[in-house]
Amino acid sequence: METPHYFAGIEGGATASRVVVMSAEGVILSRGEGLSTNHWLIGVEECQDRVKQMLQSAKVAAGIESSIPFKSVGLSLSGGQTYLTQIIANLTETDPFLSEGYHLYNDTEGSIFSASDSGGITMIAGTGTNCRLINPDGSTYNCGGWGHNLGDEGSAYWISQRAMKYVLDAEDFLQSAPADVSTIKRLMFTYYKLSKKEDIFVDLYQKFDKSKFASFCKVLAEAALKDRDCLCLYVFREAGEMIARHIGAVARNADKLLLEEPGGLHVVCVGSVWKSWELLKEGFLEEMFNKESCHGIREITLLHLRESSAVGAAFLGARDNGYSLHVDHSKTTEQFFHYKL
């Protein structure tokens with residue numbers, strides 16, 4: 001009797017990671033979660049160990065014997081592909097029964113192919129930001145993904161940094177803020193347990209934690225939603241504009257087939273910042289459908305994934321290892337917004 005074929009995919013982020021194990025028929029046999037697998041943040045060796053542990057645990061949860069390898073593993077990881085070939089070589093060497101093959105993808109690709117088998121756009125707005133277009137012919141275009149030092153506009157990190165910068169600039173009389181800074185200053189002091197502004201240096205340098213820094217965004221979102229703090233609302237409006245700019249940048253190269261789909265251009269929206277859509281929406285729409293824009297978008301549909309983008313990673317890994325993995329893409333997304341000029 002032929003041994004069943006099993007496939008795995010990992011969605012790796014800067015804050016958390018997810019894994020799925022699937023049968024050839026597309027049935028999800030197990031799901032799991034883990035810590036960040038961004039090798040720029042945690043190092044190559046730790047990334048490799050976390051990936052291996054997630055896959056081994058997911059295999060056990062799916063009831064698969066340890067001696068039966070996955071037919072393929074798709075790795076859709078944040079942080080780019082530098083050093084990942086080294087990680088794969090180490091995985092193969094340390095556990096030869098883990099998988100017959102590994103394939104690497106940008107963190108946006110897993111999201112796109114969780115929603116469609118013919119390409120599209122995904123906009124990640126979580127700890128960081130990244131946007132990618134994959135056309136039906138396989139051509140790809142990217143905007144963002146440069147990390148918090150050079151980019152990540154519209155991300156949780158960026159929102160947190162922008163809000164805090166408004167406070168510090170106003171108090172230094174460097175630049176006036178667009179609204180009163182007192183609420184954000186109070187929240188900042190409470191969140192970081194500061195007694196004076198200069199205490200922030202400890203968290204910015206000595207004990208810097210990108211995830212913790214980005215998580216201040218949750219506090220700001222609550223102040224915007226519940227208290228309607230003007231400066232918090234303004235920062236989220238700015239984030240909406242930045243997210244729209246990412247999408248518009250890649251949409252200039254979108255195939256006509258994608259622009260003319262029912263519902264217009266479909267964008268898969270991934271990441272925690274999208275949970276604050278009502279705060280982003282005004283700035284997003286103003287930027288997206290600005291008369292001066294030249295990206296050609298007249299209609300747009302925004303989608304959430306019902307399943308982790310690890311599903312798309314598993315789909316791609318199977319495809320690129322010569323196997324067919326059935327994924328019912330009609331069940332992997334749900335629409336949360338539509339707009340047409």
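Colleague: Which backbone nitrogen lies 3.0 Å from a polar atom of the side chain of Ser155?

Modeller: That's the backbone nitrogen of Trp158. Keep in mind as we go that this is a predicted model.

Colleague: Okay. What backbone oxygen lies 3.2 Å from a polar atom of that Ser155 side chain?

Modeller: The backbone oxygen of Thr127.

Colleague: Where is Ser155 found?

Modeller: Ser155 is in the loop between β8, which covers 140-144, and α5.

Colleague: And is Ser155 buried or exposed?

Modeller: Buried, because its relative accessibility is 0%. If you skip the neighbours within four places in sequence, Ser155 is in contact with Gly126, Thr127, Gly128, Thr129 and Val273.

Colleague: Let's move on to α5 itself. At what angle do α5 and α9 pack?

Modeller: The angle is about 135°, and the axes are 10 Å apart. Helix α5 is residues 156-171, and helix α9 is residues 230-251.

Colleague: Which residues make the contact?

Modeller: From α5 you have Trp158, Ile159, Arg162, Ala163 and Tyr166. From α9 there are Leu231, Tyr234, Val235, Phe236, Glu238, Ala239 and Met242. By class, the contact of α5 with α9 has ten nonpolar residues, two charged ones and no polar ones.

Colleague: How does α9 pack with α11?

Modeller: Those two helices, α9 and α11, pack at about 45°, with axes 7 Å apart, and α11 is residues 277-288. So α9 is oblique to α11. The crossing of α9 and α11 is right-handed.

Colleague: Who meets whom between α9 and α11?

Modeller: On the α9 side it's Leu233, Phe236, Arg237, Ala239, Gly240, Glu241, Ile243, Ala244, Arg245, Ile247 and Gly248. On the α11 side it's Leu279, Leu280, Glu282, Gly283, Phe284, Glu286, Glu287 and Met288. Sorted by class, the contact of α9 with α11 has ten nonpolar, three polar and six charged residues.

Colleague: Take Glu241, then. Which residues does Glu241 touch?

Modeller: Gly283, Phe284 and Glu287, not counting residues up to four places away in sequence. Glu241 lies in helix α9.

Colleague: How many residues apart in sequence are Glu241 and Gly144?

Modeller: They're 97 residues apart in sequence and 14 Å apart in space, going C-alpha to C-alpha.

Colleague: What about α4, how many of its residues are buried?

Modeller: Nine of nine, in a helix that covers residues 107-115. They are Asp107, Thr108, Glu109, Gly110, Ser111, Ile112, Phe113, Ser114 and Ala115.

Colleague: And what follows α12?

Modeller: Gly322 does, with a positive phi near 85°.

Colleague: Which phi value does Phe173 have?

Modeller: Near 60°, which is a positive value in a residue other than glycine. Phe173 is in the loop between α5 and α6, with α6 at 182-192. With a relative accessible area of 78%, Phe173 is exposed.

Colleague: And what's the phi of Lys193?

Modeller: Near 55°, again positive in a residue other than glycine. Lys193 is in the loop between α6 and α7. Its relative accessibility is 73%, so Lys193 counts as exposed.

Colleague: Last one: where is Val202?

Modeller: Val202 is in helix α7, residues 200-206. This residue, Val202, counts as partly exposed because its relative accessibility is 34%. Leaving out residues up to four places away in sequence, Val202 touches Lys207 and Phe208.

How values were computed: Residues numbered from 1 in each chain as written. Predicted model: local features only at pLDDT ≥ 70, side-chain atom pairs only at ≥ 80, totals over all residues. Heavy atoms only, no water. Axes fitted to C-alpha atoms, helices over the stretch in contact; angles between N-to-C directions. Helix = DSSP H or I, 4+ residues; strand = E, 2+ residues; numbered from the N terminus. Contact = heavy atoms within 4.5 Å. Nonpolar A, V, L, I, M, F, W, Y, C, P; charged D, E, K, R; others polar. Buried < 20%, exposed > 50% of the residue type's maximum accessible area, 1.4 Å probe, protein only. Polar contact = N/O pair within 3.5 Å; in protein donor to acceptor, adjacent residues only side chain to side chain. Parallel < 35°, antiparallel > 145°, perpendicular 65-115°, else oblique. Left-handed = near helix turned anticlockwise from the far one by under 90°.
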